[in-house]
Each structure stands twice: as structure tokens, then as C-alpha cells.
Amino acid sequence: MTGSEAIQRHVPVLLEEVLEGLAIRQGGVYLDGTVGWGGHTLQILQRYESARVIGLDRDGAALAATSRRLADYGDRILLFQSDFRLLDEVLDEAGVGSVDGALMDLGVSSMQLEDADRGFSFSQDGPLDMRMNPDSGVAASEIVNTWTQKDLANLFFNYGEEKRSRAIASAIVREREAEPITTTLRLAELISSVPGMGRVRNIHPATRTFQALRIEVNDELDAVRQVIPVSVERLVSGGRLAMISFHSLEDRIIKRAFRELENPCRCPKEFPECRCGKVSAGRVVTKRPVVPTEREVMANPRSRSAKLRIFEKAQNPESSIAELRWTGNAERRTQNMSIILADLHLEPRNPKLELCLTMSVAAQTKARQSENITFRGGLKDFAFVLLVLVLLGCAIFITTWRRVAFIDMGYEIRKLEGTESELLHLQHEMEIERAMLSSPERIEKVARDRFGLREPEPGQVRVLP
Ligand SMILES: C[S@@+](CC[C@H](N)C(=O)[O-])C[C@H]1O[C@@H](n2cnc3c(N)ncnc32)[C@H](O)[C@@H]1O
């Protein structure tokens, strides 16, 4: 089967469940953080004629193929080569404030798995690479050939849940002493040769070890941890996040993160009410993960371990539909497209591709409309700034007035203190005066000076009977 035949036959996992779970609507704007071959995105664009999608993928080769596949949808699709952890920056670049829904269909695509040169496959020979973006990060061969035996064993156990992790690590260390392990088949055969590593239920013995290496090479678990709160933050109120995982490690992270977003309160159970003040970000729509039907597993065996969980952002009565913007001006978006073209080393010779990667006239009109929205938003912003300035002025006036009043009061207090000390001084003098008035010498002096009295001569005193 050729690459283009494979892409045409590609069936996205849990398609109907995702579309229903995201509650896709006409005119909505959606983020596909793992656009891959564009399976889910194509269905959104086909079924909802006025919906738009921003598609991200780390893998430039996948994006190049997908941009051709989605060429008919012109400016309704914007593609960016980026890690989904950087979705904030990407949405800002695209001039998109918030989205109605976001999808992360985790892991690797069948295109990556089936391309021997990418090094994901244990059934075809290729370089032991496994990088989703071959231009960045460390290849699997570097881990296999440089890590200590103990670190390798821990990696296979923690990220692959591989029970024979120690035996596999020991076999790798022995083998690489002879010659570095640089190809997928050599590693797969080595793992198969470890005692006790037979096929279980037709699953290749190297499956878990390869999974562990892939997770480490692409830092997949950390990416899942980081992307959940960032995506919820960029949803409109009532918007939904759909996450599809393919192994229990990812599913556990998603389940816990959704639960914590729904109920972030960490107060002890004994508290009658919440004291920590943490507010719920929304609700978990899927109490149990949605899994594929038997029919889907039969048609697409790769879907057998898929689990879909959906989170809905809390309804916020203050946020309106205007929150949903497809803003940014036409030139800027055209520039973005050029950046992608440059990144992918693509020549838009195909007119359809050119249509996809540049702004159409309709898009420019839309952009102008959205600029109008921005202008109305500008008036709102101006009113808001004015209100803030008025409030600031009032605050400064009240503070100044209070300061002046305090200074006045200070002067009054000083004056009163002066009067008080004068009165105290006077009181002191009067007390001295009173004390002097009661002394015999003072009485004699006053009698003599004021009233002209003198002491009686001897004999002048007659004692009355
Ligand atoms: C399972 S496939 C998606 C398939 C897609 N939904 C479809 O139907 O065609 C996963 C894709 O996610 C990409 N991917 C994985 N981790 C990523 C990350 N952190 N950032 C961006 N893309 C990532 C992979 O390169 C791969 O193309």
C-alpha cells in the first residue's frame, strides 16, 4: 500500500465518540493538538461546513502529508508544527483567543509506526530513533547505548510496566559491550531472546520495552500532564477537552488531572465547608472512559487499547460568545503559513495546497470582520481604562484629603498641648502663692503692709474677762 493509499484509508480512533463528546457545532473553532494524518480534523471540516480547526503536530512529515490532504478546506484549517505544550503560543500566533473544543489523540500515528525509517517499529528494520520530531531531542539508540543497567531497568519497568525489565536491561548492557545497538530489529530480537519473553496473546515481546523508550524519547507523560490545564484554560466557557490515551500510564494521568480540575479543594474531610477557596474548573463528562466497540476493534485492531475521557469547562455567565475570536490580521496569518512552508521545506506548487496555506479572499473579509470585533473590543477596553483612571483619581484624592486632615489635626493637638502646659505652669504658681499665704511671716507682712497693723506694745494688751 502506498503512503497516499494508506492516508486515504486511515480511520481515526473513536471518531463518532469524539465528535459527539466535543459537541461540535457549526461555526465553532477547534484545536486538534495531535492532528497526525488529520483523521479527526477532516471529519470536523467535512461534516460542519463553517467549523474551523487549528491543527498541531510535532511531526513535520505528518503535517506535510496532512496539509495536502486538507487542501480543499482553505482557510478553515491552520496547521502548525509544534509541540502541543506550546499551544498557548500557537493560538496567540494564530490570533485565536479561545476555542470551542480541543482534542488530543495521544501517542504515535500508524503512519509513524509503519515508516521503518522512523524507528518505532519492532517488526521492520530501521534506525533506533523514535523521535516524533526527528529534528529535536535524543534518539532511542542514545538511551539504549549510554544509560546504566539500573536506569534502563527502571525505565522499562516504570514506562513499559515490563515485568522482565531487569533481565532485558542486563541483556542490552551485555550486547552493547560487543557492539552498539543501533537498529530496531536487533533490539527487538535481543528482547525476544531473553528467557521468559514469549509472545502473550499474540503481542510481540518487545512491545512494552519499545513503548517505554518511545515515552522517554518524546517526554510523552510530562507533555500530557502539562497540556491538560493549558487546554482547559483556552476553552470557551462550556467548551470541551477530549483526550484519547493508549496505555494505562497516560489514562491515569488524565483521570487524576480531570478529577482535580473538577474538585480542586484540598481541605481536610472533617471541615464542614471548603476553606482553601479553590474553585472547580468544570466537570468530568465521562465518569468512565469511553472505549471502542467490538466492531471498531475488529476493523482497526490498533484501537483496542484506546480510552477517551472528556472534560467540560465550567459555564461562566460573564463570558459570552465574543470570547471566541478568530482574530489576527490577514497578513499575519499569511506570514504564519509562510513560516510553516519554510519549516516543512514545501513549495506550494499544487494550487490546492496553496489555497490551504495562504489566506483566501473570504478569509481576508473574515479577518476584517474580526478586526471590527476587535475595534468594538477596543471601545470596551477604552471605557474600562477610563473607569480605572477615574477610580485611581478618586483613591488619590481621598488619600491626599485624609493626609491634609491629619496635618490639621496635628497642628490643633500641638496648640492644645501648649495651652495645657501654660495652665499647668499657672497652677504651679498659684500653689506656691497659696502655700506662702498660709505662712505666719507672710500674714504679718500683709497685715503690716496692706492694713497698717502693728504688733501691740507691751501693756497694750488687755486680757478680756
Ligand atoms: C495517534 S496520532 C493522531 C492521529 C490523528 N488524530 C488522526 O486521526 O490522524 C498522534 C499524533 O500526535 C503527535 N504528537 C504526539 N505527541 C505530541 C505533542 N506533544 N505535541 C504535538 N504532537 C504530538 C504525533 O506526532 C502523532 O502524529
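1. Helix α3 (39-47) and strand β2 (52-57) each contribute at least two residues to the shell around the ligand. Helices (H or I, at least four residues) and strands (E, at least two) are DSSP runs, numbered from the N terminus. The shell counts residues whose C-beta atom, placed from the backbone, lies within 6 Å of the molecule.

2. This is a predicted model: local features need pLDDT of at least 70, side-chain atom pairs count only at pLDDT 80 or more, and totals for chains, interfaces and linings use all residues. Residues are numbered from 1 along each chain as its sequence is written.

3. Of the 20 residues around the ligand, Pro12, Thr34, Gly36, Trp37 and Gly39 come nearest.

4. Seven strands build an open, mixed sheet, ordered β3-β2-β1-β4-β5-β7-β6. Two strands pair if DSSP finds at least two bridges between them. β3 (77-81) and β6 (282-284) are the edges, each with a single partner strand, so one side of each has no neighbour in the sheet.

5. β1 (residues 29-32) and β4 (residues 99-105) run parallel, joined by three bridges. Tyr30 has Gly101 of β4 as its bridge partner.

6. α3 packs on this sheet and touches β1, β2, β3 and β4. Contact means C-beta atoms, placed from the backbone, within 7 Å. The direction of α3 makes about 170 degrees with that of β2. Axes are lines fitted to C-alpha atoms, for helices over the stretch in contact; angles run from 0 to 180 degrees between N-to-C directions.

7. Helix α4 (residues 60-69) lies across β2 and β3, at about 165 degrees to β3.

Methods. Two residues are in contact if their C-beta atoms, placed from the backbone, lie within 7 Å.
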